Amino acid sequence: MKKRLLFIMPSLSAGGGEKSLINLLSRMDYEKYEIDLFLFNHDGIFLELLPEKVNILPINDTLEKFSLPLFRSLSTLSIHRNYSLLYNRFKYALQNRGFKNTSVKEQMNWRHLSESIPVLDKEYDVAIGFLEKTSTYFCVDKVKAKKKVGWIHIDYDHLGMDPEFDNGYFASLDHIVTVSEECAAILKRRFPTHENKIEVIYNIVSPKLITKMADMEEDVLENGPYKKINILSVGRLHHQKGFDLSIKACRRLVDKGYPICWHIIGEGEERGRLTDLIHENNLENHFKLLGLKSNPYPYMKQADIYVQTSMFEGKSIAIDEAKILNKPIVVTDFSTARDQIENGVTGIIVAKKPEDIASGLEKLLTNEELKSRLQYNLSYENLGTESEINKIYALCD
């Protein structure tokens with residue numbers, strides 16, 4: 001008999017955790033497992049990549065009403081005389097305005113959001129909250145399962161959350177999975193009573209698939225009337241990714257006469273601020289926000305250099321993908337950077353300052369021998385992590 005698994009995610013919009021889930025579900029053995037997926041929002045560019053055998057659970061009526069824009073939600077709940085949920089929707093909106101830290105906001109709002117979600121009828125062998133915060137809280141509070149797993153994709157100390165809130169939920173989990181040794185060490189320091197539950201499973205990346213998808217399109221990075229040096233970064237348009245630093249570093253390089261065009265694949269709440277910053281620095285011809293791309297690999301393959309200017313990461317899937325495509329890489333010195341890059345051997349690690357990012361890039365722009373050596377070293381690395389699926393099977397069995 002097949003084992004019943006449930007995965008929980010907010011949505012399948014662009015993001016490292018979402019891409020990681022798609023890669024995992026694409027590798028699962030559907031002869032052994034029957035897999036359901038609960039999404040709070042049925043949207044996102046990765047929906048089209050979801051394997052056909054994954055069953056997406058419907059959104060219940062009360063969550064649908066709760067998730068409407070505020071005044072529509074309040075009006076709809078009032079018409080249906082659901083006054084308890086009306087109160088929780090109003091409190092949810094107030095707290096959204098009351099907390100500046102988005103992670104704490106999500107924690108505090110769970111008690112209100114959870115009132116719109118009944119416990120699922122179906123019982124599972126394993127339930128996996130595949131992202132920190134709401135997905136994990138749902139897994140604990142709203143699912144009947146023999147085994148429950150929470151998945152942390154980020155450096156916990158940089159989220160600014162209330163660890164006491166999570167401590168109660170972690171106590172109800174059988175396993176706490178994270179994506180790198182450094183992330184695991186941080187969790188063990190922060191939650192010592194749960195140390196024995198914490199384990200590392202790397203994000204699944206497939207060199208064969210990435211190489212195949214990279215060849216699907218040609219000439220995606222236009223050079224215009226003259227040859228440009230194409231730089232690429234991938235990530236949500238969010239403060240965490242440090243794209244304001246990228247823009248300032250780009251200005252420094254353009255001032256020195258380098259014919260660069262820096263492309264960003266991603267979308268998010270900082271688009272307006274970043275667009276203004278590009279305009280303020282007169283970089284419209286040198287810094288491009290490309291939006292979301294379901295297949296970023298042709299862009300990555302055709303770029304001359306890959307850059308990640310993050311403030312913090314768990315384990316960046318985009319860096320692993322750039323390594324697979326043998327790109328010269330510059331990354332900022334976030335806490336888990338050295339889990340992925342050996343400075344001067346497989347990439348360049350720089351401080352989180354525009355001048356240092358520009359300096360690191362300039363080394364690659366002026367030193368072909370260094371650039372070639374980094375690419376040569378990457379070509380001999382074993383970068384596939386498909387075998388991590390066996391750890392997931394062990395977790396489920």
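**Labels and the values behind them**

Analyst: Start with Y169, which counts as buried because its relative accessibility is 13% and the cut-off is under 20%. Keep in mind that this is a predicted model.

User: What makes Y137 buried?

Analyst: Its relative accessible area is 0%. Buried means under 20%, so Y137 is buried. W110 is buried as well.

User: Why is the pair of W110 and Y137 called tilted?

Analyst: There are 15 aromatic pairs by the rule used here. In this one, the ring centres lie 6.3 Å apart. Rings pair if their centres lie within 6.5 Å, so W110 and Y137 qualify. Their planes stand at 50°. Stacked needs under 30 degrees and edge-to-face needs over 60.

User: Where in the chain do W110 and Y137 lie?

Analyst: W110 is in helix 5 (residues 102–113), and Y137 is in helix 6.

User: Why is the pair of Y137 and Y169 said to tie parts together?

Analyst: Y137 lies in helix 6 and Y169 in helix 7 (residues 163–170), so the pair joins parts 32 residues apart in sequence. Y137 and Y169 also belong to one aromatic cluster, together with W110 and F165.

User: What makes strand 4 mostly covered?

Analyst: Strand 4 spans residues 123–129, and six of its seven residues are buried.

User: How do you know that strand 4 pairs with strand 1 and strand 5?

Analyst: Count the bridges. A pair needs at least two. Strand 1 (residues 3–9) is joined to strand 4 by four bridges, and the two run parallel. There, I8 stands opposite G129. Strand 4 and strand 5 (residues 144–152) share six bridges, also in the parallel sense. On that side, E123 has K144 as its bridge partner. Between strand 4 and strand 5 the chain passes through helix 6 (residues 134–142), and this β-α-β crossover is right-handed.

User: What lines the largest cavity, and how do its residues divide?

Analyst: The structure holds one cavity of 30 Å³ or more. The largest cavity has about 40 Å³ of space, which passes that mark. Its lining is S20, L24, F130, W151, I201, Y202, N203, I204 and I392. Seven of the lining residues are nonpolar, two are polar and none is charged.

User: Which helices contribute to the second largest pocket?

Analyst: Helix 1 (16–27) and helix 9 (207–214) are the elements that each give two or more residues to its lining. Helix 1 supplies the largest share, five residues. The lining has 15 residues, and I22, N23, S26, L209 and M213 lie nearest the centre. The lining divides into nine nonpolar, four polar and two charged residues. The pocket holds about 320 Å³ of space.

Key:
Residues are numbered from 1 along each chain as its sequence is written. This is a predicted model: local features need pLDDT of at least 70, side-chain atom pairs count only at pLDDT 80 or more; totals for chains, interfaces and linings use all residues. Side-chain values use heavy atoms; hydrogens and water are left out. Buried means under 20% relative accessible area, exposed over 50%, partly exposed in between (1.4 Å probe, protein chains only). A crossover is right-handed if, with the strands pointing away from the viewer, the path from the first strand over the helix to the second runs clockwise. On a 1 Å grid over the protein atoms alone, a cavity is a set of points where a 1.4 Å probe fits but cannot get out, and a pocket is an open set with protein on both sides within 12 Å along at least five of seven lines; lining residues have an atom within 4 Å of a point. Grid points are joined across faces, edges and corners, and a volume is the space filled by probe spheres set on the points. Ala, Val, Leu, Ile, Met, Phe, Trp, Tyr, Cys and Pro count as nonpolar, Asp, Glu, Lys and Arg as charged, and the others, Gly among them, as polar. Rings of Phe, Tyr and Trp (its six-membered ring) pair if their centres lie within 6.5 Å; planes under 30 degrees apart count as stacked, over 60 as edge-to-face and the rest as tilted.
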